[in-house]
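Reader: I would like to learn how to read the features of a protein model. Please take them one at a time.

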Amino acid sequence: MAFDEQDFYELLGVSKTARDTEIRRAYRNLITKEHPDKGGDPERFTQIQRAYDVLSSDSKRKQYDATGHAEKTPDEELLDTFGGGAFRDKMREDAEQRESLNEQITVRQSAEQQSHTAGFEAWMRSRGDQANLVFTAETAAEQFGVVKASYEAVPLPPIRAYQVKVKDHGKPKDMMEMVSDPIPPELEWGEVLVNIRAAPMNPADFFSVQIGAVPGEEGQKPPFVAGNDGLGVVVKVGPGVKNLQENDWVFPFKPGMGTLRSLAVWREKDLLKMPVDLMPLEYAAMMRELCVAYRLLEDYGSLKPGDAVILNAANSTIGTIVIQLCRMLKLRVIAVVRDNGEMEKTSTWLKTLGATEVISDTANVRMELEKNKFFAKPKLGLDGVGGHSSVRIADALQEGSPLVIYGCMSGRAPTWPWHYWVFKELKVVGFNLRRWMNSHKKRVPAMLETLAKLVNADKLRINYTEYELSTEFDEALDHSLEEGRNTKVLIKISDIGVTY
């Protein structure tokens with residue numbers, strides 16, 4: 001019988017008219033008898049806990065009595081789905097089965113492994129990403145193009161749209177300016193016209209201005225339009241567009257698409273569709289930050305309630321989301337931040353979000369934790385700064401625990417002493433959200449839905465300050481370049497431009 005079909009009253013052995021005291025006593029007796037440490041069934045133990053959670057709450061019990069089902073809160077759904085349920089089922093063991101090298105050699109020398117099928121599978125793996133490539137009309141059109149005479153382009157109105165143009169490589173303050181340029185006259189094959197509604201200003205945007213590229217991607221030659229993230233609404237679709245229609249919500253799947261503008265003509269294949277009104281528009285524009293924080297915690301560290309996570313840039317948007325998720329997952333957080341002269345204020349704010357310890361990024365983090373009697377070393381490190389900050393994070397980690405690098409705000413690559421690799425068994429891995437999404441497309445909708453429920457239930461909050469693109473960009477740029485601002489600068493677009 002499925003979990004939600006179990007009768008909670010029968011599980012606890014009480015009647016439907018039982019008083020709170022009777023339910024509480026029955027629960028205490030059962031958890032003593034059914035605890036897995038005493039030979040009980042872990043699944044039944046979890047069901048008993050769930051039954052008590054519902055029947056001990058007046059509102060949940062009333063709803064359960066009326067419907068026969070217990071509606072889960074966004075917090076409970078997060079606990080049930082995050083990490084495969086490891087945060088709901090405290091008895092779950094994360095033991096991964098793996099063949100020994102001796103077993104692998106024995107198996108792979110067997111007759112079965114020498115068969116034609118096994119050889120074909122090995123050949124397919126040797127082809128890498130090309131193994132599952134199917135040549136279709138779409139791939140042919142992408143590779144060779146579409147003859148223009150074979151379709152009718154969709155005309156666009158003559159509009160001069162607002163956009164933030166990067167004149168040359170250099171300091172953002174000197175090289176970024178708000179201009180108005182005409183949009184293309186037509187939509188060609190596979191193109192859509194998008195009205196960008198909101199776009200955050202991020203460190204990666206300024207990195208692109210300074211050196212002309214998002215790290216790890218092909219460089220951009222000036223002049224180009226600034227911005228990598230944001231939320232847009234499809235205004236018009238061109239020929240050959242199959243999966244998008246007018247009024248769809250989309251955000252850029254590729255970096256360097258230039259989101260700090262009012263209107264853009266983009267290819268359908270470079271956009272990711274999002275359900276309309278999934279969450280407030282402002283939060284949807286910052287979907288990258290929400291998704292990065294979620295993936296960092298779910299994919300790394302094999303964490304369980306009570307474990308500790310350490311991260312630098314803890315007052316950044318990603319940092320504050322990680323802290324709030326950790327609070328819901330019952331994980332302790334060591335927040336490392338730059339001392340901008342208001343350390344006490346920042347510390348109070350981060351502890352309100354859920355941080356356990358807040359430490360200056362100039363201190364010896366490991367010694368500070370020891371001084372504060374924080375003895376259980378963190379099992380996951382998250383680095384968005386690089387340089388010496390990354391080394392301080394690694395020094396505080398438990399031996400053999402992973403350090404995940406998802407950004408480099410300092411612009412300096414970290415260099416660790418050799419003994420970190422040998423004696424601390426340091427494990428360093430990088431994370432890129434767009435690459436993850438490209439490899440796990442089927443898992444993206446569920447992640448977005450989970451995050452949306454938490455945002456809409458006010459369980460996840462982001463501090464942001466809005467500026468209008470056409471009239472307030474200079475002020476927004478000054479604000480985004482300030483250190484220690486503790487807020488995300490968000491560009492809103494209500495004025496798309498002028499006709500000519």
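Reader: In which sense do strand 7 and strand 8 pair, and over how many bridges?

Author: Some conventions come before the answer. This is a predicted model, in which local features need pLDDT of at least 70 and side-chain atom pairs count only at pLDDT 80 or more, while totals for chains, interfaces and linings use all residues. Residues are numbered from 1 along each chain as its sequence is written, and side-chain values use heavy atoms, with hydrogens and water left out. Helices (H or I, at least four residues) and strands (E, at least two) are DSSP runs, numbered from the N terminus. Two strands pair if DSSP finds at least two bridges between them. Strand 7 and strand 8 (residues 249-252) pair in the antiparallel sense, over two bridges. Gly-232 stands opposite Val-250 in strand 8.

Reader: How many bridges join strand 5 to strand 7?

Author: Six bridges join strand 5 (residues 191-200) to strand 7 (residues 231-237), and the two run antiparallel. Asn-195 stands opposite Val-233 of strand 7.

Reader: What is the strand order in the open sheet of six strands?

Author: The order is 13-12-11-14-15-16, with parallel pairing. Strand 13 (357-360) and strand 16 (427-430) are at the edges with a single partner strand each, so one side of each has no neighbour in the sheet. On average, neighbouring strands of this sheet are turned by 20° against each other, direction ignored. Strand 12 (residues 332-337) pairs with strand 13 over four bridges in the parallel sense, and Val-336 has Ile-359 of strand 13 as its bridge partner.

Reader: Where does helix 14 lie, and how does helix 13 pack against helix 14?

Author: Axes are lines fitted to C-alpha atoms, for helices over the stretch in contact, and angles run from 0 to 180 degrees between N-to-C directions. Helix 14 (residues 343-353) lies across strand 12 and strand 13, at about 150° to strand 13. Helix 13 (residues 317-328) packs with helix 14 at an angle of about 40°, their axes being 8 Å apart. That makes helix 13 oblique to helix 14 (under 35 degrees counts as roughly parallel, over 145 as roughly antiparallel, 65 to 115 as roughly perpendicular, and the rest as oblique). The contact (heavy atoms within 4.5 Å) includes Ile-323 and Arg-327 of helix 13, and Trp-349 and Leu-350 of helix 14.

Reader: How many salt bridges are there?

Author: A salt bridge is a side-chain nitrogen of Lys or Arg within 4 Å of a carboxyl oxygen of Asp or Glu. The count by this rule is 26. One of the salt bridges joins the side chains of Asp-248 and Lys-273, at 3.5 Å from N to O. Asp-248 is in the loop between strand 7 and strand 8 and Lys-273 in strand 10 (residues 271-274), so the pair ties together parts 25 residues apart in sequence.

Reader: What about the backbone: which residues does a cis peptide bond join?

Author: The cis bond joins Pro-222 and Pro-223, with omega about -5°. Pro-223 is in the loop between helix 10 (203-211) and strand 6 (224-225). Ser-302 has phi near 50°, a positive value in a residue other than glycine; Ser-302 is in the loop between helix 12 (287-299) and strand 11 (308-311).
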